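Q: Hi, could you go through this structure with me? I would like to ask things as they come up.
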Amino acid sequence: MSNYIIRRILISIPILFIVTVIIFTLIELAPGDPIAAMLMGDEQFQMQIEDYEQMMEIQRRRLGLDQPPYIRYFRWLQQLFRLNLGNSLIYEETVLEMIAPRILPTILIMATAIIFSTLIGIIIGSISAVKQYSILDYSSTVISFLGISVPNFFLALLFIYIFSLRMGWLPSRGMYNIREGITVMGVARHMILPALVLSWDMMAHNIRYTRSAMLDVIKQDYINTARSKGLSERVVMFKHAFRNAMLPVVTIIGLRLQMLFGGSVIIETVFSWPGLGRLAIEAVYNKDYPVIMAFNLIIAIIVLLSNLLIDIVYSFIDPRIKYD
Amino acid sequence: MIKKTSILLILLMCFSVVLLTSSAIVADNSFSFQISSAWGRFSNPMYYQGTSSQGLTFPLAWPPLVWMNPAGDIVPWFADDYEISEDATVYTFHLPKNATWTDGVAVTAADFDFTFHLMLSDTALEEGAIHVRNVLIANNIVGFAAFRDGEAERISGINAIDDYTFQVELIEPNYGFLLNLARYPNAGPQPKHILGEMTYEEVFQSYYMNDPDVFAGPYKFVEFERGQHVILEARTDGGWPHQQPQIERLYGLVIADGAPGVEAALEREELDFGSIRSSEVPRMSELDHLIIESAETAGFSFIYVNTEKIDQKARQAITHALNREVLRNIVQGDTGRIINTAITGPDWAVPDDLYDYNYDPQKARELLAESSLDTSRTLEFYTTSTEVNRIVAQFIQESLRQVGLTVNINMTTFQNAIEQVRQGNFDFFPTSGGVPSLDPHFAIDYFTGTGNLSRYYNEELEVLAAQGARTSVPEERQAIYHEASRLLNQEVPAIFLYQGAMNFGLNTRIQGFEFPISLFETTTGGALNWYIK
């Protein structure tokens, strides 16, 4: 197993390199000039055109934007080897300093969403399959289709309107009440809406996949054999059916992790959640390429690691799968 | 057993829900207000980049000599008072004698002298303090050129006459100097006793630029969390020499303008003051703990037109083709005058004989026929992707279709839109905000110098702008700006739409609050009058 993990990590390095090249190229191709936007306010100062052009040149030189793209890319890469992600063009802080405090809030909201959507999705999906064509099955089908078809930004606004604006139950923004400071209850309260919205789509998919996987499995001969041996229905379902049904579900959960990251960009923006996603949106708007590169690098690493993790989990769920 | 466990779990869940959804209102001596943007480096006013979160909070910790009160009037802030010489070239600021930094050291004219030299150094420009030089209109300060060219170590026109008298001498009168000083919060003092022994390069590398710990204003900067909030705490050491702050803590919460989060936060009393959407006014007005007010702001909405591609007749035609009253009602309700020029205030600056471009599609067609505009060409409308911009773009597209013009809407990022505008690849680019109606000096900037995104040039307007800046005599200023206003009215270098308007919500527990003429520029100018009921 350890050899397999090392091999997979080594294969990831050239993949990451290719990802950075693609992202950098896309940023370069995107229209927009960060310096022009940065100096926008100065146009109101009745400057001489020559002064303005000179100021743009100074800023371009200062931020290294006067260099051709390939040199900037290799400089960035060079810094990366020294574990330096560079400086933000707009905020002029190191990217590491900007990203570090954002990681925990994003992990918090994503982990909550993953746990919630996995638990609820699998439980409801399993019950749906066992009680096929019952009211619960129909209800879960409706809920899951709604979850899949309603975009999460719309759901976010809807939840803010209902739970925050109309009912006044939950806060609509931020990670904690600024007057209270950071408290466990405060963060938990603020996390309910964004985590719920973020998990909704994943939960819907989990319900559907668990239901269909369970339906497949409970029709298998070995389930009938287990029943005929006189095992209780609970043992049949949990020990024989559920474990086998989990293999495709785990694959789906792993694949949706990356989509969850994408979803968090929108959710963090709508709920003013101080995570990585919100930072990334700002960076894209500002064409702040060091921050965009860092964000995408993190996503790429998470994608690769989550795929590796799924492969490892397979071997625990299905003892037939061996990597060495 | 299973039943018991299930009941226990259900009870636990119910208890958690009640606990988590319980109201989080804390009644304390604090005030929270909305700020809409978190752009820019936030550690020091040297890095001011024109964002509301900086503009509303920096002057409370680094007090400039003068500032704007909520009504938009220029008032002494750190200075006790100031004088302008008869020829309007020498500005003398008298400073209080009992002011100290939060570390107990006296704040003197030497701090301002040091700060102004630092602001105008090349190092500031090279270190990312990019806006400071322009705020002071540096080229018009006596001795700046020699200082910039390395011929002099000091700027001869900037002097600390004594500990409590600070003076700036201009080459020629420019009323904009005082206006800029009041409007842009870069010029608050930097502590000379901490930074004065360093070279300018060392100053910008020092901890103070990133993590300042000493302040001269009525409040201390406690915390800034990008995209989240700014926290300021009232000083209790008596070092602020003027009216003492009555609110212990100020919280600036970053919530985008027009977002539902503002209303929710006001309703839950997490936010004490913020703007609300006009559609929410009737509902919010029924809440006992809020005062709702709709008011015209000092900003306006207009559309830059590429004057190199669209001539005067066509611009007039386009203005006639728009039912601007309907557009205003859709965007901001019925508050905010329809405007026909850039100079929309104060009252003394607005002539009463301006031509009214009323909605008249027939007239628009006639004027278009007289213009040189090729009506078969598709006009490019560049704008950023906000809800209001989308509405404005679609309204204009449909209105111009009625008079035979085709408009292509490009909704893009701000950076790309600006790039297209600067390269002249656009026909229309909408904008709004600012404080043009506070003084015609601000308004005229939009169509002269580099502020002129319409690519418009009019020799007469340039002369009037220069004349207007050179005098502070009210009668002279009125005559100059009336003429400029008429010129802008005839020339229509932009499609003028309407004066801005905003609906504000204020928690009734806050007393002494004056509704600002600009939410994002003058709200905190009255901070020292605020107190809790």
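Q: How many salt bridges does the structure hold over all chains?
A: Before any counting, please keep in mind that this is a predicted model. Taken over all chains, the structure holds 28 salt bridges.

Q: Why would side chains pair up like that at all?
A: Side chains of opposite charge can pair when their charged atoms come close.

Q: Okay, which residue does Arg277(B) meet in a salt bridge?
A: The side chain of Arg277(B) meets that of Glu263(B), with a distance of 2.6 Å from N to O. The pair links distant parts of the chain, since Arg277(B) sits in the loop between β11 (273-276) and α12 (281-285) of chain B while Glu263(B) belongs to helix α11 (residues 260-267) of chain B, and the two are 14 residues apart.

Q: And are those two buried or exposed?
A: Arg277(B) counts as partly exposed because its relative accessibility is 28%, which lies between the limits of 20% and 50%. Glu263(B), on the other hand, has a relative accessible area of 1% and is therefore buried.

Q: What does Glu267(B) meet in a salt bridge?
A: Its partner is Arg283(B), and the N to O distance is 3.3 Å. This pair also links distant parts of the chain, with Glu267(B) in helix α11 of chain B and Arg283(B) in helix α12 of chain B, 16 residues apart. As for accessibility, Glu267(B) and Arg283(B) are both buried.

Q: What about Arg486(B), which residue does it form a salt bridge with?
A: Arg486(B) forms a salt bridge with Asp353(B), and the closest N and O atoms are 3.0 Å apart. Here the linked parts of the chain are 133 residues apart, with Arg486(B) in helix α20 (residues 474-491) of chain B and Asp353(B) in the loop between α14 (324-332) and α15 (361-370) of chain B. Arg486(B) counts as partly exposed at 31% relative accessibility, and Asp353(B) counts as partly exposed at 46%.

Q: Which residues are linked in a network of salt bridges?
A: One such network links Arg179(A) with Asp28(B), Asp272(B) and Arg509(B).

Q: Changing topic, how many cavities of 30 Å³ or more are there?
A: The structure holds three cavities of that kind, and about 130 Å³ of space lies in the largest cavity.

Q: Which residues line the largest cavity?
A: From chain A the lining includes Arg173(A), Gly174(A), Met175(A), Tyr176(A), Asn177(A), Ile178(A) and His190(A), and from chain B it includes Gln228(B), His229(B), Leu253(B) and Glu270(B). Sorted by class, that lining has four nonpolar, five polar and two charged residues.

Q: Leu253(B) is in there; which residue stands opposite it?
A: Gln34(B) stands opposite Leu253(B), which is in β10(B). The strands β1(B) and β10 (residues 249-254) of chain B pair in the parallel sense, over six bridges.

Q: Is β1(B) buried or exposed, then?
A: Six of the six residues of strand β1 (residues 30-35) of chain B are buried, so the strand is largely enclosed by the rest of the structure. Both of its faces are covered, with Ser30(B), Ser32(B) and Gln34(B) buried on one side and Phe31(B), Phe33(B) and Ile35(B) buried on the other.

Q: In what order do the strands of the open sheet come?
A: Four strands of chain B form that open sheet in the order β4-β5-β7-β6, and their pairing is antiparallel. The edge strands are β4 (81-84) and β6 (158-162) of chain B, each of which pairs on one side only. Neighbouring strands of this sheet are turned by 20° against each other on average, with direction ignored.

Q: How many bridges join β6(B) and β7?
A: β6(B) and strand β7 (residues 165-169) of chain B pair over four bridges in the antiparallel sense, and Asp162(B) stands opposite Thr165(B) in β7(B).

Q: How many helices and strands are in chain A?
A: Chain A has twelve helices and zero strands. Its C-alpha trace spans about 90 × 55 × 35 Å along its principal axes, and of the 324 residues in chain A, 49% are buried.

Q: Last one: where is Ser121(B)?
A: Ser121(B) has its place in the loop between α3 (109-119) and α4 (122-126) of chain B, and it counts as buried because its relative accessibility is 3%. From C-alpha to C-alpha, Ser121(B) and Tyr382(B) are 37 Å apart in space, and in sequence they are 261 residues apart.

Terms used
Residues are numbered from 1 along each chain as its sequence is written. Chains are lettered from A and ligands numbered from 1 in the order in which they are written. This is a predicted model: local features need pLDDT of at least 70, side-chain atom pairs count only at pLDDT 80 or more; totals for chains, interfaces and linings use all residues. Side-chain values use heavy atoms; hydrogens and water are left out. A salt bridge is a side-chain nitrogen of Lys or Arg within 4 Å of a carboxyl oxygen of Asp or Glu. Buried means under 20% relative accessible area, exposed over 50%, partly exposed in between (1.4 Å probe, protein chains only). On a 1 Å grid over the protein atoms alone, a cavity is a set of points where a 1.4 Å probe fits but cannot get out, and a pocket is an open set with protein on both sides within 12 Å along at least five of seven lines; lining residues have an atom within 4 Å of a point. Grid points are joined across faces, edges and corners, and a volume is the space filled by probe spheres set on the points. Ala, Val, Leu, Ile, Met, Phe, Trp, Tyr, Cys and Pro count as nonpolar, Asp, Glu, Lys and Arg as charged, and the others, Gly among them, as polar. Two strands pair if DSSP finds at least two bridges between them. Axes are lines fitted to C-alpha atoms, for helices over the stretch in contact, and angles run from 0 to 180 degrees between N-to-C directions.
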